[in-house]
Amino acid sequence: MLSSTIYHARRALTRRVIVGANGRYLSDKSWQASGPEIQEATKKALIHDLLTSSTASIHDTVPWFLENMPASYFRQTNLAVRTEHLKAIASLRSTGGALSLDIRSDIDEDRKVVTFIRPNNEVGMLLKQIKSLPKYNMPLSRVGVYTTDDNMMCLNMFTFGEHSDTSARTIDDSHPILELASKVAAGEVEFEGVDKDAVSSEMMKEYMAKCGSGYLNNSVGRRFLNQMGLYNAVTGSEGVEVSVEKFNPTEYSTDGLDPNQTSNMYWIDSAIANSLPQYALEYFARVAKVNNLDIIRTHLDNVNDGDNGTVTQLRMLVRVEVGEEIDWGRLKRNLKRQKWIDPLTADLIEKNPSLGIRRAEIITGLASLMHPIMGKVNPVAYSKANIFAAVTSNAYIHLGSEIADYFLQKFNPKSGKMSEADQQAATTRLREKIDSEVVDRSANTLLHKMVEAVNHTYRTNVYMENRYALSLRLDPAIMQSDNHEASPYGVVFAHGRRFNGYHVRFRDISRGGMRIVTPASPEQLALESGRHYDECYGLSFAQQMKNKDIPEGGSKCVALVDTVGMSQQNKNFVMRKSVKAFSDSMLDLIVDTPETQSDVLDYYGKPEVLYLGPDEQVIPEDIDWIVQRAAKRGYRNPSAFMSSKPKAGINHKEFGVTSEGVNVFLDVALREVLKIDPTKESFSVKLTGGTDGDVAGNEINILYREYGDNVKIVGLGDHTAALEDPNGLDREELLRLFHGSLPLDEYDPSKLSPTGALHTVDTDEGVRMRNTMHNRVKADAFIPAGGRPNTVDINNWEQFLDEEGKPTSGLIVEGANLFVTAEARQKLFEEAGVIVVKDSSANKAGVICSSYEICAAMLLSESEFLDNKDEIVADVLKKLRYFARVEAELLFREFNNYPGALPHFSALISDTINVATDAIREELVKLPPGDLDQLLGLVKTHLPKKMATMAFDRLKTNVPEQYLIAAIASSLASKIVYAEGVNFVKSQPPENLSALALKYLEAEKEVALLENALSGASGLDEGVKEEVLDLLKRGGVRSKLNVF
């Protein structure tokens, strides 16, 4: 019985309500006005009530918790975490409210746990929880999903981070799993799906050593052996393996499950290689929700897979609703595909389950394809968000589905190719339906364009089960617009998880780099999406202009990757995945294997080959993977598929190949434009790009190598900072950064002169100074050697002028692609007299080097290349400087003799060589094999000396004929143009070019005989002889052909 004081204290706890003079309600804590004795008694009353309530709740909760939580929970959860859960549940039960609570706790410094407690389990609940998980900078390492026996509570645990103990694990021979495995290996026990030859003691111990202690201690032997088999199927790959088996209560403990409800339960086991565990769990939970599967248990563990990262082992016990029929084969295929589909596709499937993965992927893929096309028509109406909203809206999703059905029908390998009449009929039906049902003009136009895109697709990998992305070989006409100078030869579009990609090429045999673009914000991502194709087109066209000296035409591929809001670790992970998915989906369209023969319908009708190279954000590990994947996929000459291989390649950054050519053009331009001999006179330079960059860093090194103290580098800007010093930046400090691959913010400020400055981008002012450095700093020459395309354009070119209207540099040598737009170049020349050496000339050495790598991959074994690499590289660098100098000299010769801006002549030279190459190639295709053999000497001359010596006799056996023809044609065309000039070729009708080129070779031989005879003649004045020889060299062949 309570004392009188406590009784009065309880009465005092009643809240008094007082109305003040202003009419407002005032409140008071009554015990504050009741004296010390009542205050103390009130505290005791509160404590007594809470203890009584808590004690009653604990007495009620603990037995219920112990009786109803599944045994696996106690086996897999440590005591401290269980105690925390129990306290929280008891507290919730004491209030009489719903059992709903989120708990975040730390196990130790390396691990965190997020627990969701809910009153019941329902379809889709796990997916909601996964989506709401906090963004920790550590991986999801374990998951436990538990439901009480009485179905009154669901408790889901997500553990992030790995235990810090990395000591080697010794597996005791008495471990229960090993004992079971030994029985299986001996044939004493059999389990379906478990190979007795794959569970020897050595194999088991090797695998178990890769597993976490929690996984080992909490696994049931039968399931562990099954999961090990799945691991072995995907280790070292990007694969996903799935097994499904009916729950067998005689084999597995019911562990708190109602035996009457286990008849419709199934175990889904999966091993997902090299995936972020949280994403793997999310897309598996999404498939379960879409298929209306109730998830009863879930366990997730990560198993070490060496250099390939980890394999996520995911186990789900699911319940099928009574009356539901599940196509388990289809579900397994969908689970495998989930790793590679875009979140937009996954959301669309969740919203419209009847679409299925293929239709949903086609719809989101075509919608992504539409943005660069339709954004030009109306950037507001056809923003990325508006396109997706229209196509996936309830009003039009049925039409998107029908367009996807047409796509699937057209490329269904089982039914064969559709006739043109059937395609036309399907198109007409869809167009009529769109016009009758879609009143909104923007949506109407958009849907019609999607139908057109289906008609412009030649090939797709949509029916390949193990594809990494959806890829389409497109007719380039679907992408063309008025701002494109020429139509490409071919376009490939890829749509995958968090990325879209374009590959554009201008000739059948083409090469060009792969670059990865990762915008920092959603707004920038949308902006880049709208200009994605145009950027790829522009880079490819520029590549076509610069590839004039090599057999391959110009190409480029650009993957736009959504890494917005990601940690650097996750961003890098997603980029690597995008490179793999993009390159592998391109291989789907070009390799000729039994798989592609059965799954890919071809409306193009010609075999195609692609050659890639690395560009921005592509790393050596990507290159190795791509080459290995090409070999595994059956691509002919897989080593040629990607250049700049870390070992058997010529690393552009290591050897500075692009910068070697840039510097030759700078040298010639300084002499021709500014009348500066850089070997004897002082000059100043500013560059965009940093000391750790490929082109900028190597150019800095070459400038000091060639010109020493004559060169003053007065301005630099990269992703970290801007450096400025009118007295010249410190030579040794810049070389220290270059050799250490360090960015500009690592520059020692003490090395600056009193007028120098270092602006880092960690402040708004620093960003502004970095972004304007190329305009503000004055120098004799400006070399854009890094930065985004179109930095200087028609709207801002005047910022390159100082306050007096004079250019801050009179010479620009474009080491980076498309830094200055064509319109801006013209304005700078016309209004300010700025001479611009265009990118297609200045930085062409990189592509020539990559072409030589392709030749080496076809002609030499890897060991031959590595054994002779130093000599081969030295010969390649000589060739690069040669090709740069002959074009630079022709460029200024044309510029000095004819009116026009320098970029005009750069484009004119490229175009002239390309036109001549195409004309010669067409003629060579018609030649008998024997006649073609007589022209192989041109290829020998083109090759680096050491490579030609070692492997010239392998040309016909190792190199595809179409490549040889392209090599002969390009070698002959560039030879003629560089020697005779643009007008020699331009003055000829196109139909005469091929015949003239072949006659040129004969005339050249005759002139060479005259030169030799003259050189050996006696009795002539030596000065006269030299002058006549020079005239023969300059115009002898032209005179012999009587072409002027």
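Which strand does N156 lie in? N156 belongs to strand 6, residues 154-160. Helices (H or I, at least four residues) and strands (E, at least two) are DSSP runs, numbered from the N terminus. The model is predicted: local features need pLDDT of at least 70, side-chain atom pairs count only at pLDDT 80 or more, and totals for chains, interfaces and linings use all residues. Residues are numbered from 1 along each chain as its sequence is written, and side-chain values use heavy atoms, with hydrogens and water left out.

Stay with N156. This residue is buried, with a relative accessible area of 1%. Buried means under 20% relative accessible area, exposed over 50%, and partly exposed in between (1.4 Å probe, protein chains only). The N156 side chain makes a polar contact with the side chain of Q129, at 2.7 Å. Such a contact is a pair of N or O atoms within 3.5 Å; within protein, one must be able to donate a hydrogen and the other to accept it, and residues adjacent in sequence count only if both atoms are side-chain atoms. Contact in general means heavy atoms within 4.5 Å. Beyond four places in sequence, N156 is in contact with residues including V114, F116, L126 and Y146.

Eight strands form an open sheet, in the order 3-4-6-5-9-10-8-7, with antiparallel pairing. Strand 3 (101-108) and strand 7 (240-246) stand at the edges, each with a single partner strand, so one side of each has no neighbour in the sheet. The twist averages 15 degrees from one strand to the next. Two strands pair if DSSP finds at least two bridges between them. Seven bridges join strand 4 (residues 111-118) to strand 6. There, V113 has T159 in strand 6 as its bridge partner. Helix 4 (residues 79-95) packs on the sheet and touches strand 3, strand 4 and strand 6. The direction of helix 4 makes about 160 degrees with that of strand 3. Axes are lines fitted to C-alpha atoms, for helices over the stretch in contact, and angles run from 0 to 180 degrees between N-to-C directions.

Elsewhere, nonpolar residues gather. A nonpolar core is a set of buried Ala, Val, Leu, Ile, Met, Phe, Trp, Tyr and Cys residues joined through side-chain atoms within 4.5 Å. The largest has 145 residues, and M514, F641 and L811 are among those with the most contacts inside it. Helix 33 (residues 869-897) gives the most to this core, with 13 residues. A second, separate core of 67 residues includes L348, I357, Y396 and A443.
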